[in-house]
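Morning, everyone. Please have a look at the chain on the screen, and then I will walk you through it.

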Amino acid sequence: MAEKTNVVILGAGYAGLMALKVLQKRADASFMSITLVDQNPYHYEATDLHEVASGALTADRITYPIADVVNPEMTEFIEDRVTKVDRAQHRVELANHESIGFDYLIIGLGFESEDFGIPGVQEYALPMDSVDSAERIQQHITDEMFAYRQDNDPRHLHIVVAGAGFTGVELLGALSENRERYAEMAGVAPNQIQIMSVDGAKRPLSVFSQHLVDYGLAVLRGRGAVIESGKGINAIEPDVMHYADRETGESGEVVASTIIWTTGVRGSSVMAASGYQAKRNRMSVTPYLQDPADDRIYIVGDVAAATDSETGQILPTTAQLALVMGEIAGKNVLAAVTGYELTPFTYKSLGTVCSIGNTSAIGVVGDEHEVRGYPASMLKKVIMNKSLLETGGIKQVMAKGRFDLYH
Ligand SMILES: Cc1cc2nc3c(=O)[nH]c(=O)nc-3n(C[C@H](O)[C@H](O)[C@H](O)COP(=O)(O)OP(=O)(O)OC[C@H]3O[C@@H](n4cnc5c(N)ncnc54)[C@H](O)[C@@H]3O)c2cc1C
């Protein structure tokens, strides 16, 4: 009997699980075996991390067991941390297991928080790039609110988010919606809880039109949260964020016991450890999503720098994109194994919706249809349910889906 083709998938995020789903559905255990590796026993919806960080949701609402989507007849799941891909030997090195060999590899190791080398970020700011880190933020806020009861130091009541990109604004929305809860913990009036974001860009969320952004900012202001734009953060010290105004150069600081870092992301550092020379660990790929130096290695999701086939521009990292890349990589591995033609990567964004808490959002659907307010927040939940359906199937949608559409 011929040897089975051995496919290894690294990461059970959006891209990795989509690739797994395609292969488990279309390939056959008689000619293919799959090994899936993730450092956690669960998949998490990274797009919901801000809701865990704010305390709006518990972690179990945004996670499900990877075992639920693994077909044991075809796939072995290894829970471990990948440390390096040995590209020359076609092996993957793991922290706590023997290395594993592969015929085909799909790398979907996702994103990490990017600190841009700014002093003090690693030591004194809280990243939000995993379930554990989101839970740490939630716990930290709770501890600070109760600490206020002990010494009445107002810095315990101040929360500052570094960055007002998509993630920063979604987090600000969730935090501001929970202001009353924080106030109760601290035993103060809600207006004593200061929630703000500091961002270097002249205007936040530049992917959206000015009037959509104005709408979003007004919702945030109405809940007592503010965004300070055009301020380049240059250092973090214990309980202090330092910045300089981008126009005047004037320096300033925000004093807050909770400093959350969401200025951007880079791809997994396993890419650099594996010898990939890529800007922010996002590797350029072939039109079929392969490593340009090795057509048996596919690179998908946030570790890939895929280009728009029409404009040639590098696409922003999103879950929506990761799902499409995972699907194409899965299909291409199967096509390569069975001798069919590979499918080139193409992508058409379905739109982007940025939540501002649980009950409001701003966004663009398709090419230009703008949505805002409560209908946009319903749409956001429908999009989340769709992505849950794509990786986890109907069982996960029923258990973890967002059905709080009406308020
Ligand atoms: C708060 C927030 C809101 C967002 N909102 C949206 C949105 O509304 N719409 C949208 O499209 N995108 C959104 N994004 C972006 C989106 O979450 C990412 O683009 C997406 O998660 C990338 O998917 P991925 O499969 O490449 O990687 P990930 O989802 O990051 O998954 C990577 C997987 O690899 C595992 N892993 C990582 N390193 C290792 C290792 N060394 N060893 C073993 N396992 C490892 C992780 O445990 C994880 O399971 C948001 C992101 C954040 C943080």
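Let's start inside a sheet. Strand β12 (residues 158-162) and strand β13 (residues 194-198) run parallel and pair over five bridges. Ile159 sits opposite Ile195 in β13. Some ground rules on terms. Strands are DSSP runs of E with at least two residues, helices are runs of H or I with at least four, and both are numbered from the N terminus. Two strands count as paired if DSSP finds at least two bridges between them.

Now the caveats. This is a predicted model, where local features need pLDDT of at least 70 and side-chain atom pairs count only at pLDDT 80 or more, while totals for chains, interfaces and linings use all residues. Numbering starts from 1 along each chain as its sequence is written, and side-chain values use heavy atoms, with hydrogens and water left out.

Back to that sheet. It is open, with five strands in the order β11-β18-β12-β13-β14, and the pairing is parallel. β11 (126-127) and β14 (225-228) are at the edges with a single partner strand each, so one side of each has no neighbour in the sheet.

There is also an open sheet of six strands. Its order is β5-β2-β1-β9-β22-β21, and the pairing is mixed. The edge strands here are β5 (75-79) and β21 (290-291), each pairing on one side only. β21 pairs with β22 (residues 294-299) in the antiparallel sense, over two bridges. Asp291 is opposite Asp294 in β22.

Helices next. Helix α9 (residues 319-338) packs on this sheet and touches β1, β2, β9 and β22. Its direction makes about 175 degrees with that of β9. Helix α1 (residues 14-26) lies across β1 (5-10), β2 (32-38), β5 and β9 (104-107), at about 160 degrees to β2. Axes are lines fitted to C-alpha atoms, for helices over the stretch in contact, and angles run from 0 to 180 degrees between N-to-C directions. Contact means heavy atoms within 4.5 Å.

How is the chain divided into domains? Domain 1 is 5-113 + 266-348, domain 2 is 121-263 and domain 3 is 350-407. These bounds come from an automatic or database domain assignment. The C-alpha centres of domain 1 and domain 2 are 32 Å apart. Their contact takes 15 residues from domain 1 and 19 residues from domain 2. The two bury about 1300 Å² between them, 63% of it on carbon and sulfur atoms. That is accessible area (1.4 Å probe) lost on putting two parts together, summed over both. On the domain 1 side, His50, Ala53 and Ser54 lose the most area to domain 2, together 38% of what that side buries.

Last, salt bridges: a side-chain nitrogen of Lys or Arg within 4 Å of a carboxyl oxygen of Asp or Glu. The count comes to 15. Across the interface of domain 1 and domain 2 there are zero. Lys395 is in helix α10 (residues 373-400) and Asp68 in the loop between β4 (63-65) and β5, so the pair ties together parts 327 residues apart in sequence.
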